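Reader: Can we go through this one together? I'd like to take the charged pairs, then a helix.

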Amino acid sequence: QAVGWVQRRVRESEERIIYQIMVDRFRGDGGLALDDPPNPGARAGGTLDGVRSAIEDGWLDRLGVTTLWLSPVYLNPDEARPGVDGNLYEGYHGYWPVDARGVEPRLGGEEAFEGLVDLAHSRGIEVVLDVVPNHLYETNPRIPVLETSDGLHQSDPLCVCGTPNCPWGGNIEYCWFTPYLPDLNHQNPEVLQMVVDDVVW
């Protein structure tokens with residue numbers, strides 16, 4: 001039996017069954033099961049090919065999935081960094097963009113991403129890609145320019161979200177999640193346009 005899809009499985013948003021996947025935590029290449037990461041903040045090794053396998057083997061079909069919501073696929077740093085809780089974390093989650101237009105090679109790179117999207121669309125499955133419009137990682141090459149052009153929220157001392165002198169409630173619009181995630185100033189029209197252009201790209 002063969003099934004071919006030429007359009008989305010559902011037309012109305014309320015009919016969608018959305019399945020969210022944290023790519024690094026899902027499956028490895030070819031659908032291989034992942035071992036637990038060495039610690040909760042480390043990479044587990046999931047890939048875009050692992051997500052692709054869940055389409056190819058019918059696993060997502062059996063769940064009735066009409067839309068995949070993928071964690072960000074941006075290039076992220078290699079090093080582990082301390083969280084506000086003092087534990088070390090890697091960018092396995094994709095939320096530390098070093099390059100807002102580069103696909104993380106450890107996930108499979110741009111070719112794997114495009115192949116996954118093409119396959120999903122051929123089966124009538126929509127793909128929603130999580131984006132990070134709030135901040136960039138400190139080594140992102142855009143940071144030096146943003147620092148000198150009112151492109152970042154800046155304060156002295158640095159306002160890190162949820163710390164005693166920077167509670168979330170009164171500072172959510174400009175606090176930094178961590179000292180290594182500079183917060184973008186969306187009041188600057190050039191920054192806002194940059195974010196929109198990245199999402200469209």
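Author: The side chains of D78 and R106 meet in a salt bridge, N to O 3.0 Å. A salt bridge here is a side-chain nitrogen of Lys or Arg within 4 Å of a carboxyl oxygen of Asp or Glu. This is a predicted model, where local features need pLDDT of at least 70, side-chain atom pairs count only at pLDDT 80 or more, and totals for chains, interfaces and linings use all residues. Residues are numbered from 1 along each chain as its sequence is written, and side-chain values use heavy atoms, with hydrogens and water left out.

Reader: Where do D78 and R106 lie?

Author: D78 is in the loop between β3 (74–75) and β4 (81–82), and R106 is in the loop between β6 and α4 (109–122), so the pair ties together parts 28 residues apart in sequence. Helices (H or I, at least four residues) and strands (E, at least two) are DSSP runs, numbered from the N terminus.

Reader: Is D78 buried or exposed?

Author: D78 counts as exposed, at 59% relative accessibility. R106 is partly exposed, at 31% relative accessible area. The cut-offs: buried is under 20% relative accessible area, exposed over 50%, partly exposed in between (1.4 Å probe, protein chains only).

Reader: Which residues are linked in a network of salt bridges?

Author: R43, D78, E104 and R106.

Reader: And how many salt bridges in the whole structure?

Author: The search finds ten. One of them joins E126 and R16, with the closest N and O atoms 2.6 Å apart. E126 lies in strand β7 (residues 126–129) and R16 in the segment before β1 (18–21), so this pair ties together parts 110 residues apart in sequence.

Reader: What about E138 and R81?

Author: Their side chains also form a salt bridge, 2.7 Å from N to O. E138 sits in the loop between β7 and α5, R81 in strand β4, so the link spans 57 residues of sequence. R81 counts as buried at 18% relative accessibility.

Reader: Switching to α7. Which residues are buried there?

Author: V191, M194, V195 and D198. They cover an arc of only 95° around the axis, which puts them on the same side of α7. That arc is taken from the directions from the helix axis to the C-beta atoms.

Reader: What covers them?

Author: The cover includes β6 (99–103) and α5 (143–147), with contact meaning heavy atoms within 4.5 Å.

Reader: And which residues are exposed on the other side?

Author: P189, E190 and V200.
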